[in-house]
Amino acid sequence: MKFRCERDTLAEAISITQRAVAARSGAMPVLSGIKVTAADDSIELVGSDLDLTIRVRIPAQVDSPGVSVVPAKLFDGLTSRLKPGAVTFEVTGDDAKISGGPAQVSVRLLPADDFPKVGSPEGTSVSVEAGPFAEALRQVIPAASKDDARPILTGVLLAATATGLRLVATDSYRLAVRDLPGVGLLTEGQKVLVSAKGLNEVQRVFGTGSITVTLGEREVAFASEDRSVVTRLIDGDFPNYEQLIPDGYPNRLIVAKDALEEAARLMQIVGEGRDSTPVRLTMSSEGLELSASAQERADAKETIEAKFEGTDMSVAFNPQFLLDGLAAIGGEEALLETVDPLKPATLRSTSETGGDFLYLLMPVRIS
Amino acid sequence: MRDEPTFLHLDLDAFFASVEQRDDPTLRGRPVIVGGTGGRGVVAAASYEAREFGVRSAMPTIQAERLCPNGVYLPPRFDAYQKASRAVMKIMSSVTSLVEPLSLDEAFLDVAGAMRRFRDPHAIAEFMRSSIQRDVGLTASVGGATTKMLAKIASDLAKPDGVLIVKPGDELKVLHPLPVNRLWGVGPATRERLDRFGVKTIGDLSRIPEATLVGALGAASGKHLHALSWNRDERGIRPDQETKSVSHEETFSEDKTDRIELQRELVRMTERVGARLRSAGLAGRTIQVKVKYHDFRQVTRSATLDHLTDLAGEIGPVARNLLSGLEIAGGVRLLGVSVTGLSSQGEREEQLSFDSGADLGNREARRALELAVDAVREKFGDDSLGSGAVIDDGRVRADRKGSLYGPLASGEQDRGQDAPRGREGDPS
């Protein structure tokens, strides 16, 4: 097996596929490698941890076809350090000679025959526009749980609605709901739970153009012409999230999003090192005051101009959760609706399209 | 080693027994032994009067009773000791923030920074002793030296009710005549080995070349003891040794095989743990149950909540659940429960979750109830109030404790004041 390609394209392809490579390969050492397949006038790189598989195809001058598995970390590190320009990859015996410019590296390969058949679900395919889909994912994914002890919450719910597609994620502390009208990814009444970690790669890998979505029994594939991300579906019933959203809110606060974001960052720094130091929002007709206090370390407060309707009240949040919400909503102005200091609050944008996204956030109780 | 004897070690004299004598004047001047009174009980503390009969702490109570048949044997009142300890620690903290508590009744202090306010270490020692006598009603002994190790030895030499500050330059004169087992790290095994070298005193030890000691005791131990014998001890005071866990465990006078009985014991222990968490202003997340079997095999099981708690009402069900997963048929000798992952009260902000909404009201109510129980017990004593513990099978039972009488299930033993108590919980 021998091929030549551009260092930059190879390095990019490695860095994308590497994100699916198992951090700990466990029972299958071969999964710590990237599988490289050379055929015709391109090479395909595959990384997988069995739950998530990423493929990238790049153009190459293939002198002799073949398949090899290269240790991912080493492949990534050395390729990014080669001089820009052409890179040659040539296999002799168990080793690959990788050379670029004056440098030449010999790498011991992993046994290619051991690499499992991964990620190519069969089913009907639908095409969606990458841009809006990736944006919707960007908005909901931060709300998904990273705690494997609650597997269902590590997924994003994709559900068909009357008008299109709805994406939902929650880690039980906050809930993000995004509607994508006109996107017919699923058929009526259909819903699937997809790994948020996998969808995060979808969001990173595909920027523009269209992606083909193939929904299989246990996996879903997202593919463009030269890239694909295959991720597993999660079994189980997503919680009944609709009942969490309060019917109405007595208190409404409208505030410039940037100002709130900056102030919340300041409050977060005061409590740095301890996630749990909450930011307190005191709302009145005078406006909004943010404050945070890390005992015997620092205190901060900042007053921001804001429109408030309702009863004066004070509510506290995990600053990161608030910032995640602010980053997710679009527009210039944020609308924060509250019931009381112990009930979920809603964060939205006041802009016209803002209605398509809702971020529900549980407060921190201060005793 | 320092130029000035600014390491102090304060030790309360016969602590548990002294608290008993303080609170009951009829006990003064009499041999008082605090400890487990059941078949396997051990002596937790002996008054100086009892020590004259040869009673020592950690001795089986049965042996103590033979040595001192006319002694007053009392079960420990842990809450009273803790309260006294807290008052003493407060007095030490008024001298310096560099206080390193070793247990409820002893602590190291680094008073180098306090020397400007006091004339000398002796004045500091007397200030603390008179404050403790006046405010807490107990006597304490204080040792002072240029090293931590010698300060502790000095307080021991000063006992009872005394002060010994070892003057700089006099250290070896004090240290060398002492028997070698006064050094930290010299237990019976080491002592026996040193005996073969003819080493009886610390002075004897100091004259053995370091290399010889290393050969006999191993590198770490040999070097360490050699340094100590020359009063070389580089350790400083480590303040803020945060409480890592609050636990309570008991050795039963007879192995228990009845699951319902064990569950009930466990609930009672979680009440103690909850009360101690609240009184220390702490709350924790991880609950651990420990079981030691008749053959001394020991197993632990733990579970972590998604929020901090200091409530027996929350610790209890988790602990019971953990216990229910353990085999007990062979007989349980010791049962314990602990709470770790602690945060102090000031950090008790709680991130609410969508799931916690409903629990919240219940938890508030439960907290109010337990705080009320704390207040009653504070005023009328631990046994004034018991809880009716709901056991897994749905039967409700109540412990009979002091003045509160609950329905007793048939075949159940009455537990009164003289209930067998093993070791009380560690203030670890």
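**Close-up 1. The bridge between A:Ala334 and A:Ser349.** In this predicted model, A:Ala334 has A:Ser349 of strand β25 (residues 345-349) of chain A as its bridge partner. Strand β24 (residues 333-338) of chain A runs antiparallel to β25(A), with four bridges between them, where two strands count as paired if DSSP finds at least two bridges. Six residues lie between β24(A) and β25(A), and the two strands form a hairpin. Strands (E, at least two residues) and helices (H or I, at least four) are DSSP runs numbered from the N terminus.

**Close-up 2. The surroundings of β25(A).** β25(A) also pairs in the antiparallel sense with strand β26 (residues 357-361) of chain A, over three bridges, and A:Leu347 stands opposite A:Tyr359 of β26(A). Because four of its five residues are buried, β25(A) is largely enclosed by the rest of the structure; buried means under 20% relative accessible area, with a 1.4 Å probe and protein chains only.

**Close-up 3. The packing of two helices in chain B.** Helix α8 (residues 188-196) of chain B packs against helix α10 (residues 210-217) of chain B at an angle of about 125°, their axes being 11 Å apart. The axes are lines fitted to C-alpha atoms over the stretch in contact, with angles from 0 to 180 degrees between N-to-C directions. Contact, which means heavy atoms within 4.5 Å, is made by B:Thr190, B:Arg193 and B:Leu194 of α8(B) with B:Leu213, B:Ala216 and B:Leu217 of α10(B).

**Conventions.** Residues are numbered from 1 along each chain as its sequence is written, and chains are lettered from A in the order in which they are written. Local features need pLDDT of at least 70, and side-chain values use heavy atoms, with hydrogens and water left out.

Note on methods:
Predicted model: local features only at pLDDT ≥ 70, side-chain atom pairs only at ≥ 80, totals over all residues. Buried < 20%, exposed > 50% of the residue type's maximum accessible area, 1.4 Å probe, protein only.
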